[in-house]
Amino acid sequence: MTTSDSSPTAGETPETHAETSAATETADTTAVPHPLGASHPLALAPVTGPASSVDGFVRQFLRNLNHERGVALSASNDADRYFAFALTVRDYLMARWLEDLRRQREKPSKGVAYLSAEYLLGRQLDNNLLASGLTDIATEAMAACGIDIDELRAQEVEPGLGNGGLGRLAACFIDSLATLAVPNTGYGIRYEYGIFRQTFEGGQQVEQPDAWLTLGSPWEFPHPEASRRISFGGHTETYDDEGTPRSRWVPGWHVQAVPYNYLVPGYLNGWVNTLRLWSAKATDSFDLRVFNSGDYEEAVRAQTYAENISKVLYPEDSTPQGKELRLQQQYFFAAASIGDFLEQLPDDFDLTTLPDRIIFQLNDTHPVIGVPELMRVLVDEKKLEWDAAWAITQKCFAYTCHTLLPEALEVWSVDLLGRLLPRQLEIIYRINEEFLDEVRERYGDDEMRIRNMSIISEFPDRSVRMAYLATVASSKVNGVAKLHSQLLREKVLPDFNEFYPGKFTNVTNGVTPRRFIRLANPGLSDLITEAIGTGWLTDLERLRELETYAENPDFRAAFAEVKAANKRRLDRVMRDRDGFEISDGHLLDAMVKRLHEYKRQMLKVLHIVTEYERVVSGRVAASDIQPRTFIFGAKAAPGYVMAKRIIHLINAVGEVVNADPRVEGRLKVLFTPNYNVTLAERVIPAADLSEQISLAGKEASGTGNMKFALNGALTIGTDDGANVEIRELVGDENFFLFGMSEPEVEALWARGYKPAEFYQADENLRRAIDLIASGAFSGGDKSVFEPIVSNLLYDDRFMVLADYSSYIAEQAKVDAAYADQDAWTHAAILNVARCGFFSSDRSIRDYIARIWHTPPVL
Ligand SMILES: *Cc1c(COP(=O)(O)O)cnc(C)c1O
């Protein structure tokens, strides 16, 4: 695959060459040996380039400061230095990027276009330093300039272009694709405002806009000259094309999609892929005539409307917003990305071979509108026969489903689609007709089945089921963990599984060990490397070699010291950020993830309230409880009222518990605001206990669970998502399992879930609920948390009370286990040693083997 070559041209401008080559000549005398070792297959070449020595780095840094920022070192501020520093790292990667793009153009091979509405990237600087092997040189170079590199790091605003797990998965995957040297372009949207910044007022969530671009980003390359025109609205018409009847779309309005490219470097392998994010720009900036007449608002109205498309990330996580703008966003980036890929094919390209060149991987249903768009291009513009176009399309797409919640399966009303994308709607209708003909052929006139499988649903409103469209149009459909894929086949799409044998598969999610072990936990990384040597960062199964070290008391002591140091580091971050101390000797119990009822933060609250109530009621002496610090991080979708109430309750409980002298400081609750990737990198390595307590059958996979286990936290969890696989790998004795299994959940639903019975049956539960209901956490005002209490008692789809007793019992086992620190450390080491499977490199290898079939390039 090749990417259209707008980026190379940017790099080939004469002044860039002139400047860098001058630096190269003088500075490139002490090239560093390749960190993987010269014989490593990915070690294409030693680290060279303008910044590959300390002197060279300094020179290039000063050049960037002078020429790109227009300041002298003595007059520069932190932002100037951060920019110049980042540009210096970027300069180094550029050469490789251009080289790899050229290679892909000259010898194109099948590549992956990953289509995702979200990329939760996290900060880029350290990752790019790590990938290029420049960390040591850069650190020395800055020291030579008298600059504290940590202050530069702190300047970077993390691009929060995603909500949570789904967006972070996309970011991990493009990292692994580059590290495995698979030709890939990640396509998405360059939201001007990413996920909101969360603050608390009176314990309640307040959302602030995330203006991540205010100071600009040194990592992006805008390419306005490569903009694409994206159309909306209007009508369709048929015409006679020299005897062939054809359809065409006569759109009503247009918007420009402007690409911004970002480098995605592989880890020390000289491979650099591209992340291409689209920004919306009005086709005509404004109406000068209207402006001159004095009606300024009217003059820019159309411009504002068009540019709203990439203005904000929808702050939803797993519940769709029926918003027109959301559909505009989806079509905007799907159409721009598909058009972008097709445009760079040679004019004489045989489109029937398109599946040999590209696979469009659909990250959830957000880009599925790309299916009728590709059909439209092939049939209306390239003038292929419908059947030929459909055969190509079905081979070019693959679909990843991310949910099990029925309300999260996206649908678009036919009415809205017809107004916004009339031709695509016609195409969807035809796809559906032909699909249902096939179904009829197989099963006869089984109207029930046909209604169930139709891409168009009739009730309550006529709408398009995007997951069905994706399933019909894709070569493969995958779930994201073993259990999830099984439930997908058996519960969500059983008719399709029967109809398309072999189409459904599983690829268990993973996380990139570069960011989530090496960068987040340098102490642990050094310890691992000391024990088993290098190489594990790109071959994470090698962590198995740590198993024998778990039996070595010196190694356990060193491992425990790394954890303690990570806690001290988190303590510094939390003091600074939230004025909160993390006390010595506390078990650090972390629940960080989006706030959603199915994830059951509420169950965690009930545990805390129970511990607290047992102390204040005098049933347990404070001195007899295991000191614990409970740390929460979670954003709630702004419109999700119950989730926001739960945030309020957690903060309220924290305020009371933390201030109550009877607890003697042995229970502490911190809800740290604005959980994001940067914070995850600090919290996870410090945690002792990972809370993965969703109702079984609701969490598709989870990836937070993997990050914790790989950093040596033990998990308390239900048999849900990838927890199942974590437990299988680490062993029952190193995992705290509780709660109903998925079949037990189903059975209880079938019998009729009566929460009041659980409330009556467990005294601790009664006391905890009663304490919340009494107003103890709301200054005596019983009404504040009444909706939460009545939800738990009468109306809780996520069965919090049903799992309460089992959860509390298992937490007692956690306390008992933690009392034996050495045994705990032993179990923690085994968690690290046995979780190498959860590298996103393994996920990508599975995608290649089961879905993409892309040949290796290196
Ligand atoms: C990994 C990650 C998530 C996903 O967490 P889950 O526990 O799997 O829901 C969400 N947000 C951030 C910032 C992450 O790094």
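How far is an oxygen atom of the ligand from a polar backbone atom of Gly 704? The distance is 2.9 Å, a polar contact (a pair of N or O atoms within 3.5 Å). The model is predicted: local features need pLDDT of at least 70, side-chain atom pairs count only at pLDDT 80 or more, and totals for chains, interfaces and linings use all residues. Residues are numbered from 1 along each chain as its sequence is written, and side-chain values use heavy atoms, without hydrogens and water.

A polar side-chain atom of Lys 707 lies 2.6 Å from one of the ligand's oxygen atoms. For an N or O atom in the side chain of Lys 599, the distance to a ligand oxygen is 2.7 Å. On its own, the ligand has 390 Å² of accessible area (Shrake-Rupley method, 1.4 Å probe). The protein covers 96% of that area. Helix 26 (677-686) and helix 27 (704-710) each give two or more residues to the shell around the ligand. Helices here are DSSP runs of H or I, at least four residues, and strands are runs of E, at least two, numbered from the N terminus.

Now turn to Asp 803, in helix 33 (residues 800-819). Asp 803 counts as buried because its relative accessibility is 1%. Buried means under 20% relative accessible area, exposed over 50%, and partly exposed in between (1.4 Å probe, protein chains only). Beyond its neighbours within four places in sequence, Asp 803 is in contact (heavy atoms within 4.5 Å) with residues including Arg 600, Thr 718 and Phe 738.

Phe 286 sits in the loop between strand 12 (272-282) and helix 9 (288-292). At 38% relative accessibility, Phe 286 counts as partly exposed.

Technical notes
A polar contact is a pair of N or O atoms within 3.5 Å; within protein, one must be able to donate a hydrogen and the other to accept it, and residues adjacent in sequence count only if both atoms are side-chain atoms.
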